[in-house]
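Here's a quick tour for anyone meeting this structure for the first time. Have a look at it, then read on.

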Amino acid sequence: MMSVTSTLLLFEKEVRDARKSRWFVLFAALFAGLALSLSWLGLSGLGTYGLSGFARTSASLVNLVVLVVPLMGLLLGALSVAGEREQGTLLTLLYQPVTAVEILLGKYLGLAAALTATVLVGFGLSGVVIARHAGTESIGAYLSLVGWTVLLGLAHLSIGVLISIRARRTVTAVGAAIALWLGIVFFSDLGLMGTAMVLGLSPSSLLWLALANPAQIFRIAVLAALEGNLESLGPAGLYARDVFGDRLLPALGAWLAAWAVLPLTLGLLLFRRRSAL
C-alpha cells in the first residue's frame, strides 16, 4: 500500500532539488522575463509605446509558451530519474522503505509543482502589469491560457520522466528530450501543414496527426478559446470544429490530460519492473 507520508517527503525533496537546479532557475527566469517583456511590447491604438491588454497579450504569448514550456517540461523530466541514477542517489532511495510508486510519484509531483509555480509566476507578473495599465478586460481569456499552459507543461514533464526512466545516462536523456522538442516544434503549424501538403493528407488525417502532438493540441485549444474559431488553422481546424462541435474544448482538454497521464503510467510500470530486478 502506498504511503502518503513517504510520497510527500519525496515531493518536498524534489521541490528543493528543482529550486537548486541551474536548468530550472534559468528557465524560470527566461519564461518570466519573456512573458513580462511581451506585455510591454504591445502598441496602443494611438501608436504610443505601452501595454496591449489581456486579449492581445494572450495571443502573443501562445508562441512563447509553445517554444519554452515543452522544453522546460521535457528537460526537467529527463533529468529526474537518469540524473539520480547516474549520481547513485536513486539506488540509495530504492534501499529505503519506500516503493517504486512512491518514489516516482513523489518526484513527478514535486517537479510538477515547481513547473506550475514557474508558469504562475511568469503569467502572474505579466498579468499584474497589464491589469495596472490596461484594466482587466478579457482577463478570462488570459486565465484560460494559464490553465492550458500548465496542462501543456505537465504533459511534457510526463514524457520527459518516461525518457529519463528509459535512458541509462543523463546525457542520453537530455539529448533525447531536446531531439523530441525539436520534432514537436517542427510539427507545429508550418511543419504540420508542409507535411500535409507533401503527403496529400485529408483534413481528418491532418487532425489526428495534430492530436499526436501535445503542443498542437494546446494551440488548437487556445485559438478556440481566444478567437472562438479555428479558421486560421485551415482544413484541420474546421474539421475539428465540425467533428467535436461544442465539445471541442473539453475533448482537447481530455486529450492533453491523457498526454500527462499515459506516459507517466507507462514510466511507472517500467520503473517498477526495473526496480524489482
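Setting aside neighbours within four places in sequence, F123 is in contact (heavy atoms within 4.5 Å) with F31, L61, V65, Y142, L145, V146 and T149. This is a predicted model, where local features need pLDDT of at least 70 and side-chain atom pairs count only at pLDDT 80 or more, while totals for chains, interfaces and linings use all residues. Residues are numbered from 1 along each chain as its sequence is written, and side-chain values use heavy atoms, with hydrogens and water left out.

**The core**
- F123 also shows up among the residues with the most contacts inside the largest nonpolar core, alongside L104, Y108, L157, F218, L252 and F271.
- That core has 75 residues; such a core is a set of buried (under 20% relative accessible area, 1.4 Å probe, protein chains only) Ala, Val, Leu, Ile, Met, Phe, Trp, Tyr and Cys residues joined through side-chain atoms within 4.5 Å.
- Helix 3 gives the largest share of this core, 16 residues; helices are DSSP runs of H or I, at least four residues, numbered from the N terminus.

**Helix 5**
- Just after helix 5, G135 takes a positive phi of about 85°.

Notes. Helix = DSSP H or I, 4+ residues; strand = E, 2+ residues; numbered from the N terminus. Buried < 20%, exposed > 50% of the residue type's maximum accessible area, 1.4 Å probe, protein only.
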